Amino acid sequence: MKDIYVRYIAQRLEVKEWQVENCVGLFDEGATIPFISRYRKERTGGLDEVAVAEIRHWNDVFAEMDKRKETVLETISQAGALTEDLRLRIENCTDSRELEDLYLPYRPKRRTRATVAKEAGLEPLADKMYNVALTDPVPEARKYVGDKVGSVEDALAGARDIIAERLSETASVRETLRQIFRTRRIVTKATKKAVGPDAMKYKIYFDYSESVERIAPHRLLAILRAEEEGYVNIKVDADPERCGKKIYYDFCQERRYPAAPLAEQIHLAFDDAFKRLLEPSITNEILKEAKEKADIESIRIFGENLRQLLLAAPVGQKRTLAIDPGFRTGCKVVCLDEQGSLLHNEAIFPHPPANEKVKAIQSVSAMVQKYGIEVIAIGNGTASRETEEFIKRVPLPKGVRVFTVSEDGASIYSASEVARAEFPDHDVTVRGAVSIGRRLMDPLAELVKIDPKSLGVGQYQHDVDQTLLKEKLDNTVESCVNSVGVNLNTASSYLLSYVSGIGPALADNIVEYRTEHGSYKSRKELLKVKRLGDKAFEQCAGFLRIHGAENPLDNSAVHPEAYHIVDRMAEDLNVRTSELVGNAELCSRIEATRYVDGNFGLPTINDIINELRKPGLDPRETAQEFEFAHDIHSIEDLKTGMELPGIVTNLTAFGAFVDVGIKQNGLIHASQMGVKGMADPSKVLRLHQQVKVTVISVDLERGRIGLRLL
């Protein structure tokens, strides 16, 4: 990586240049983000996975920029316009806008008014006017009147067209205008199409203005969506008079103030350049720039919500009865063993129109007894509350717990290739119920099978940069999977594919080997898997767990490359390694500095000791039961002032959506989250958090519920 890029990244992330260089070097060696942040702290100076991911992002950005620079340099060179100064300026660019500004005058373009004027031979006249090399342009313009130019005014107009285009392609002019535009306001006006119910959701933006610098990401994305759907027009109120004066002042400072006859022509050219070329172009740039910031913030929120969703508390390996509720079509019930394998499925009809409550109670009771059910999962969709109340009538054995589980994305999974491969002989209703049950057992293992955009935790997810969104979500899923660790002998190939260094093909090979040879006895056995070589083993081994392995370190986050260090620690304490693992008292007697050498620094040694204290510890909390208010079943039951229990279902920049047990989620606006007014929802609440709220407004017509956090 070029030094200019290293400096840029280091300054942006506020880290040292050597940290960036070493991180990029590790990427070049094939290392992944989780592996680098966990097992190469000495080389990166302890950078966390967020910083490592940012470095990889910018490494990719600059790799693409270098390709663009090659195209730009080649095009300008072929035009015979590449000077050494221009080459250096292009090669030293770290900003794509600056690069495109430098390229703009030389970029191949369609036929323009300036092109026509040049073809008429008016460029020398434009040069003299632009360089203030004459006092009165009229006498000079007469020289160009002829077959291609009909009059003096035509000659002056053509020269002005050339000047206007030249001005619009001047990097310094464009940057000056950007700075002005950034201080102005975005203004929207309704179009003739802005009528009807579909348009009314954008009503607030039919006559709206807000500072470019201060507009909230969700409002900007809403405005841009309204424009795309044809309900509003957008502009930046750029103050043309101020812009014109600034451009003219800078122009004169570089040359000299032209005499009155020439000044008139220059002003006309500048006005045309601004209105016809610069204002539309810079407006688009500023809106694009603002959207990029809005995208980054929205994607950050989406990523954090996804992380919380994936790391939601599991109930663990419990025999589970899962119900996908329904009225007319009944409730699909499945029974799963501790590993999530399907044991049984059937439909019950406890609700209208069938109303077979007694038969349904008998069926559920029989399934609970026969399959040793320990927990019950109920999907939170249609008929969820009614099914929850029905289950309470079933005489369940002591200790059987009941949970409500989000159905978001279950229908996407049930119709997916992954689901068809898992359950080729069952329909989508069975697959959906299985997914609900598995989500309760282990949310992470099940939700990685579903496109994150189908999980209901995004904000304007279809409006943001899809490439950047995919990068963020992929990083988040990978981070969550590797932070928890994966059971090598029970994980699906889909879950394994997110483990550092594995990917889909190797994941299939790992499962294939497991099917043919039985459970893995040690991590080293992975090296027998087809196409899994030393590099892949290095990247993945520390994140895989083998419960009951002969070497207890195989069920920990200690990397195999460091096993010999643990053996030395045990030897120095006169105990076996198996006695050291999980013994906090013995671990407290280890002197970390004794084991530091050229390959393993103090950060890694301390990580090893911490892991030995609690090997393979799952960082997730344990699942908690929850009950909605018994007397609330629809929005009509809500009254202002009611205090209700709820579950946070989504976090946005402007507030949190909360399920209070009815069809519609309520909104706790950011201003209703604390005694001091506006709060950052992500710092106050987390996804799936159980909360108490007060109802502050109920809009039956629009189905909206306003809440205050207690």
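This is a predicted model: local features need pLDDT of at least 70, side-chain atom pairs count only at pLDDT 80 or more; totals for chains, interfaces and linings use all residues.
Two strands pair if DSSP finds at least two bridges between them.

**View 1. The whole protein.** The protein contains 31 helices and 15 strands. Its C-alpha trace spans about 105 × 70 × 50 Å along the principal axes. The chain has 710 residues, and 48% of them are buried. Take the contacts between residues at least 6 apart in sequence: 65% of these join residues at least 24 apart.

**View 2. An open sheet of three strands.** The strand order is E2-E1-E3, and the pairing is antiparallel. Which strands form the edges? They are strand E2 (207–211) and strand E3 (232–237), and each pairs on one side only. On average, neighbouring strands here are turned by 20° against each other, direction ignored. Now look at strand E1, residues 185–190. E1 and E2 pair in the antiparallel sense over five bridges.

View 3. Helix H14 covers residues 217–228 and lies across E1, E2 and E3. H14 runs at about 125° to E3. Find Glu227, which lies in this helix. Is Glu227 buried, exposed or partly exposed? Its relative accessibility is 35%, so Glu227 counts as partly exposed. The cut-offs explain the label: buried means under 20%, exposed means over 50%, and partly exposed is in between. Which residues does Glu227 touch, leaving out those up to four places away in sequence? The answer is Val232 and Ile234. Glu227 and Arg319 are 92 residues apart in sequence. From C-alpha to C-alpha, Glu227 and Arg319 are 51 Å apart in space.

**View 4. Helix H15 packs with helix H16.** H15 holds residues 240–254, and H16 holds residues 260–310. They pack at an angle of about 125°, and their axes are 10 Å apart. That angle makes H15 oblique to H16. Why oblique? Angles of 65 to 115 degrees count as roughly perpendicular and those over 145 as roughly antiparallel, so an angle between these ranges counts as oblique. H15 passes H16 in a right-handed crossing. On the H15 side, the contact residues are Pro240, Cys243, Ile247, Tyr248 and Phe251. On the H16 side they are Ala263, Ile266, His267, Phe270, Phe274 and Leu278. By class, this contact of H15 with H16 has 10 nonpolar residues, one polar and no charged.

**View 5. Helix H11 crosses helix H16.** Helix H11 runs over residues 152–168. The axes of H11 and H16 come within 8 Å and cross at roughly 55°. That makes H11 oblique to H16. The crossing is right-handed. Which residues of H11 take part in the contact? They are Leu156, Arg160, Asp161, Ile163, Ala164, Glu165, Leu167 and Ser168. Their partners in H16 include Gln265, Ile266, Ala269, Phe270, Asp272 and Arg276. The contact of H11 with H16 has 11 nonpolar, two polar and five charged residues.

**View 6. An open sheet of five strands.** Read the order as E6-E5-E4-E7-E8, with mixed pairing. Strand E6 (342–348) and strand E8 (401–405) stand at the edges. Each has a single partner strand, so one side of each is left without a neighbour in the sheet. From one strand to the next, the twist averages 20°. Strand E5, residues 331–336, pairs with E6 in the antiparallel sense over six bridges. What is the bridge partner of Val334 in E6? It is Asn345. Leu336 has its bridge partner in E6 too: Leu342. The hairpin of E5 and E6 has five residues between the strands. In this hairpin, Gly340 takes a positive phi near 90°.

Technical notes. Residues are numbered from 1 along each chain as its sequence is written. Side-chain values use heavy atoms; hydrogens and water are left out. Axes are lines fitted to C-alpha atoms, for helices over the stretch in contact, and angles run from 0 to 180 degrees between N-to-C directions. Helices (H or I, at least four residues) and strands (E, at least two) are DSSP runs, numbered from the N terminus. Angles under 35 degrees count as roughly parallel, over 145 as roughly antiparallel, 65 to 115 as roughly perpendicular and the rest as oblique. A crossing is left-handed if the near helix is turned anticlockwise from the far one by less than a right angle, and right-handed if clockwise. Contact means heavy atoms within 4.5 Å. Ala, Val, Leu, Ile, Met, Phe, Trp, Tyr, Cys and Pro count as nonpolar, Asp, Glu, Lys and Arg as charged, and the others, Gly among them, as polar. Buried means under 20% relative accessible area, exposed over 50%, partly exposed in between (1.4 Å probe, protein chains only).
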